[in-house]
Amino acid sequence: MGGNISITGLSRPLTQEYRPRPDFFRMACLLASVLTIVLLALIIGEILVRAWPAMSKFGLGFITGIQWSPNRGVFGVLPVLIGTAASSFLALLLALPLGLAIAIFLSEDFFPRPVRQVIRFVVETLAAIPSVVYGLWGIFVVIPLVQQYGAVLAAKFGFIPFLAGPAYGNSLLTAGLVLALMVLPTITAISRSSLVAVPYTLREGSYALGATRWETILRVIMPTAAPGIVASAILGFGRAMGETMAVAMLIGNSQRLSWSLLSPSNTLSALLANQFAEADGIQVSALMYAAALLVLLTLGVNIAGEVVLRHTQKATAGLR
Amino acid sequence: MKGVVFLAVIKLNSQLNSLKSMTRNFLLASLLTASVFQIKAATSLTGSGSTFAAPILQRWAFNFQKENRDITVNYQSVGSGAGIKQFSDSITDFGGSDVAMSDAEIAKVNGNVLMLPATAGTIVFAYNVPGVPDGLKLTRETYVGILLGTVKSWNDPLIAKNNPNFKLPNLPITVAVRSDGSGTTGVFTAHLDAISPEFASKVGSGKSVTWPVGVAAKGNEGVTAVIKQTPGAIGYVEFGYAENNKLTMASLQNKAGNFITPTIESGAATLASVKLPENLRAFVTDPEGANDYPIASFTWLLVKKTYTDAAKAVAVKAFVTYGLTTGQAIAPELGYITLPANVVTQVQAALATIK
């Protein structure tokens with residue numbers, strides 16, 4: 001007796017030796033992620049390569065130049081940059097209070113849950129409407145309204161530079177109004193989730209201390225959610241800057257610098273959409289330069305928005 | 001060929017008995033479809049370019065394919081500039097352009113291009129002025145002044161002088177122009193350049209120019225929309241668009257001093273007086289005849305002199321011949337001008353040289 005007989009009476013091991021195999025699933029996911037980053041880098045690279053002739057020819061004078069005349073070889077985008085910033089800013093000015101109000105309404109229980117869900121769904125559907133449909137609606141509805149009331153405003157308040165006449169239908173104001181409608185879903189959705197993320201302990205503590213509902217909303221909840229609301233504003237701004245079709249159809253595409261909201265203007269994306277198909281020679285390169293500026297602006301704004309949003313989530317997580 | 005395919009089908013049929021019947025049927029169906037398509041050796045032509053010529057070229061393609069079942073023709077309206085580019089890169093077999101190729105562009109294809117006038121159009125001033133239903137007369141000085149911004153209001157004496165029977169309102173003039181680069185703008189500004197040195201120095205000509213005044217909109221459709229919606233607006237559009245959208249058009253003064261209303265006949269008169277040179281590149285920026293409408297232009301089909309694929313050369317010749325003969329009949333219906341007979345003869349002669 002003796003020897004190597006184990007308790008179970010078997011002579012070979014129960015488990016097989018563990019041999020590590022490559023994790024194919026992980027590799028596939030990694031590949032997909034890297035591909036996305038590579039694609040973005042390639043797009044930016046291609047734009048910069050094509051813009052190089054214009055960049056070396058015009059330098060920074062391109063950004064400060066006022067005249068854009070392809071038939072003369074003169075290219076300058078200052079009015080366009082101002083128009084881009086102005087239309088997005090105007091859109092934000094109109095959409096932020098409205099979006100915030102809707103977000104507060106959706107995060108409190110003024111109305112029963114089904115009503116809130118319907119409103120939330122409708123606001124999010126606004127984001128699903130294609131840009132060109134907004135443009136068409138703007139042409140047939142908003143332009144006549146702006147023309148009519150703009151003429152009245154210009155007549156009465158024309159001494160204010162922002163409302164100086166003559167009032168055009170295709171103007172900065174029209175584009176700003178329609179853009180506001182387009183960024184409203186973004187602002188509402190993100191603000192609502194920031195408001196909802198404020199922990200109940202803060203709400204209940206505030207009520208326990210005797211604050212009214214509105215005091216709680218305005219003094220406790222909104223300041224806590226403020227970074228998220230700021231992030232929504234920045235992301236909305238970024239969205240407004242990139243909007244193309246609706247703006248190209250409504251803004252009047254004019255290169256002239258003007259203070260008035262009621263005169264036509266231009267944005268970088270509208271410029272590109274309008275002129276790219278028929279451009280040749282140095283004009284293509286100049287348009288690519290404008291595209292590079294647009295990418296820089298929108299990427300910059302979106303990254304800033306993401307950073308602020310990330311910071312918010314960390315901040316409110318610590319409160320729970 | 002068909003027999004071989006048929007035998008293959010039978011053999012495969014027996015081998016497929018082991019698979020599920022649905023898969024077998026699918027494979028059978030696709031093999032049969034493939035054998036059917038073996039019969040036709042279709043030539044396909046692709047073209048792209050001018051948006052102005054697109055409606056008529058696409059109609060020609062449609063009608064031509066009905067009569068010639070073994071040739072497919074496809075035309076996409078991407079703009080004259082892109083059309084020339086794609087034709088030069090041999091991405092397309094033919095191109096359409098409102099502005100003939102420049103010498104530099106011809107050099108890029110080593111001269112392997114023929115520019116054939118296919119149809120023509122006129123550019124009109126369409127306006128929307130309350131109180132002026134039809135028949136506004138504009139002298140050269142007036143319409144250049146409107147475009148440069150020196151004539152700012154409808155009751156300006158310059159306009160009133162030639163239109164005594166209208167009560168012109170005290171309304172500011174809103175000029176509607178094109179925001180996108182286009183052959184229409186190219187032709188229009190070429191005419192203005194020819195008649196006004198002031199315009200040539202201040203604005204110049206080209207597919208995309210900076211207008212000193214006005215609201216710019218995208219495409220002929222955009223300009224039409226601005227004109228229709230803005231009382232006191234005036235803008236330039238293709239004649240076909242103005243006709244189809246029932247816009248009121250102004251009569252312009254031509255070089256001879258007469259006020260000509262834009263119609264198919266006045267446009268045809270302009271074209272008839274043009275003498276096409278050897279290379280068929282003619283720009284009629286300021287026609288001289290007494291009844292000529294001042295702003296008219298051909299639109300060209302760009303074809304190669306030598307095609308590497310002989311079947312394509314035959315197909316291109318057949319298509320262009322169709323357009324020049326039967327196709328001209330539908331031009332007025334779509335708002336284009338029928339090519340005069342002498343032009344057709346010259347173009348057909350040039351077409352015969354394609355191999």
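The model is predicted: local features need pLDDT of at least 70, side-chain atom pairs count only at pLDDT 80 or more, and totals for chains, interfaces and linings use all residues. Residues are numbered from 1 along each chain as its sequence is written, and chains are lettered from A and ligands numbered from 1 in the order in which they are written.

The interface comes first. Chain B contributes 28 residues to the contact and chain A contributes 27 residues. Two residues are in contact if their C-beta atoms, placed from the backbone, lie within 7 Å. On chain B, the side that touches chain A draws at least two residues from each of α4 (80-88), β7 (215-217) and α10 (219-229). Helices (H or I, at least four residues) and strands (E, at least two) are DSSP runs, numbered from the N terminus. By class, this side of chain B holds 15 polar, nine nonpolar and four charged residues. Ala, Val, Leu, Ile, Met, Phe, Trp, Tyr, Cys and Pro count as nonpolar, Asp, Glu, Lys and Arg as charged, and the others, Gly among them, as polar.

Helix α4(B) is largely enclosed by the rest of the structure, because seven of its nine residues are buried. A residue is buried if 20 or more other C-beta atoms lie within 10 Å of its own, exposed if 12 or fewer, and partly exposed in between, with C-beta atoms placed from the backbone. The buried residues of α4(B) are B:S80, B:G81, B:A82, B:G83, B:I84, B:K85 and B:F87. They pack against β1 (43-49), β3, α5, α8 (183-195) and β12 (296-303) of chain B.

After α4(B) comes B:S90, with a positive phi near 60°. B:S90 is a residue other than glycine. Its place is the loop between α4 and β3 (94-97) of chain B. B:S90 counts as exposed because it has 12 C-beta neighbours inside 10 Å. B:N110 also has a positive phi, of about 55°, although it is not a glycine. B:N110 lies in the loop between α5 (103-108) and β4 (114-128) of chain B. It has 8 C-beta neighbours inside 10 Å, so B:N110 counts as exposed.

A further loop residue is B:E278, between α12 (264-272) and β12 of chain B. With 7 other C-beta atoms within 10 Å, B:E278 is exposed. B:E278 and B:A350 are 72 residues apart in sequence, yet 9.0 Å apart in space, C-alpha to C-alpha.

In chain B, α13 (residues 310-324) and α15 (residues 341-351) pack at an angle of about 175°, with axes 11 Å apart. Axes are lines fitted to C-alpha atoms, for helices over the stretch in contact, and angles run from 0 to 180 degrees between N-to-C directions. α13(B) is therefore roughly antiparallel to α15(B). Angles under 35 degrees count as roughly parallel, over 145 as roughly antiparallel, 65 to 115 as roughly perpendicular and the rest as oblique. B:K317, B:V320, B:T321 and B:L324 in α13(B) meet B:V344, B:V347, B:Q348 and B:L351 in α15(B). These contact residues divide into five nonpolar, two polar and one charged.

In chain A, helix α5 (residues 131-157) packs against helix α6 (residues 172-197) at about 130°, with their axes 9 Å apart. α5(A) is thus oblique to α6(A).
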